[in-house]
Amino acid sequence: MKEKNPERYKWTLCAYIIYQVFACIINAILVFQSSAYSETFFIYLFPALMGSIFALDGGLVYVTVGLVIYLFQDDKVKLSVSYSLGVAAYTFLMAYPVIPAVLFRIRQFFPFGDIISDVFTYLLEAIIGIEPMQMSSDLLHESYQWMMIFALPFVLLYNEKKGHNLKWFFYIFYPVHIILFWFISHKVFGLA
């Protein structure tokens with residue numbers, strides 16, 4: 001659409017951005033005025049029903065990854081550098097308690113610090129995709145986002161040609177491997 005009608009593309013993009021901001025504001029108002037019973041509806045279901053880009057699994061972090069891949073698809077060096085720096089920054093933020101320390105300082109030193117800290121925590125968790133209170137320096141079991149770097153060689157191998165039609169293979173493989181991992185964790189390691 002951008003190539004055929006650039007003016008219509010600009011208006012459509014502006015309308016989309018305004019809609020997303022409007023949906024986010026309406027949702028924030030509803031969350032702050034909701035009861036504990038309906039809070040789950042307004043945090044998870046309502047944004048999904050409105051088509052909000054802020055209610056994504058993984059948050060805007062993964063949208064940014066997709067955007068980097070799209071923007072630098074023709075320059076593999078820029079793609080590799082920007083992707084690697086993004087993974088390093090994300091790993092640093094998830095492995096070291098920088099964000100919780102900042103949120104704690106906000107609670108301590110600012111008037112209404114509890115409210116400000118809670119709002120930032122919500123924005124980080126629900127929109128950005130970074131959970132400040134789930135950070136850990138255990139890079140193998142808890143903060144394993146650094147492993148995203150292993151996807152880079154496969155992204156660089158992409159040649160814009162359609163491969164084999166393996167759609168049904170993945171429809172079957174995904175649930176089977178999840179069930180297999182569940183079985184292994186319960187039977188071999190005795191996890192409940």
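The structure is a predicted model, in which local features need pLDDT of at least 70 and side-chain atom pairs count only at pLDDT 80 or more, while totals for chains, interfaces and linings use all residues. Residues are numbered from 1 along each chain as its sequence is written, and side-chain values use heavy atoms, with hydrogens and water left out.

**Overall build**

The chain contains 8 helices and 0 strands. Helices here are DSSP runs of H or I with at least four residues, strands are runs of E with at least two, and both are numbered from the N terminus. Of the 192 residues in the chain, 23% are buried. Buried means under 20% relative accessible area, exposed means over 50%, and partly exposed lies in between, with a 1.4 Å probe and protein chains only. P47 and N27 are 20 residues apart in sequence, yet their C-alpha atoms are 6.9 Å apart in space.

**Salt bridges**

The whole structure holds 2 salt bridges. A salt bridge is a side-chain nitrogen of Lys or Arg within 4 Å of a carboxyl oxygen of Asp or Glu. The two pairs are set out below.

| Pair | Closest N and O atoms |
|---|---|
| R107 and D114 | 3.1 Å |
| R107 and D118 | 2.6 Å |

Through shared partners, R107, D114 and D118 are joined into one network. R107 is partly exposed at 35% relative accessibility; D114 is partly exposed at 44%, and D118 is partly exposed at 43%.

**A nonpolar surface patch**

Helix α6 (residues 113-128) also gives the largest share of a nonpolar patch, 5 residues. The patch is formed on the surface by F32, F109, F110, F112, I115, I116, V119, F120 and L123, which together have about 940 Å² of accessible area. Patches are made of residues with over 30% relative accessible area and no salt bridge, like charges being joined within 9 Å and nonpolar side chains (Val, Leu, Ile, Met, Phe, Trp, Tyr) within 5 Å. Accessible areas come from the Shrake-Rupley method with a 1.4 Å probe, and for residues only the protein chains shown count as cover. V119 is in helix α6 and is partly exposed, with a relative accessible area of 30%.

**The second largest pocket**

The second largest pocket has a volume of about 190 Å³. On a 1 Å grid over the protein atoms alone, a pocket is an open set of points where a 1.4 Å probe fits, with protein on both sides within 12 Å along at least five of seven lines; lining residues have an atom within 4 Å of a point. Grid points are joined across faces, edges and corners, and a volume is the space filled by probe spheres set on the points.

The lining of this pocket has 13 residues, of which V61, T64, V65, G86 and V87 lie nearest the centre. Helices α3 (60-71) and α4 (76-95) each supply at least two lining residues, and α4 gives the most, with 7 residues. The lining divides into 10 nonpolar, 3 polar and no charged residues. For this division, Ala, Val, Leu, Ile, Met, Phe, Trp, Tyr, Cys and Pro count as nonpolar, Asp, Glu, Lys and Arg as charged, and the others, Gly among them, as polar.
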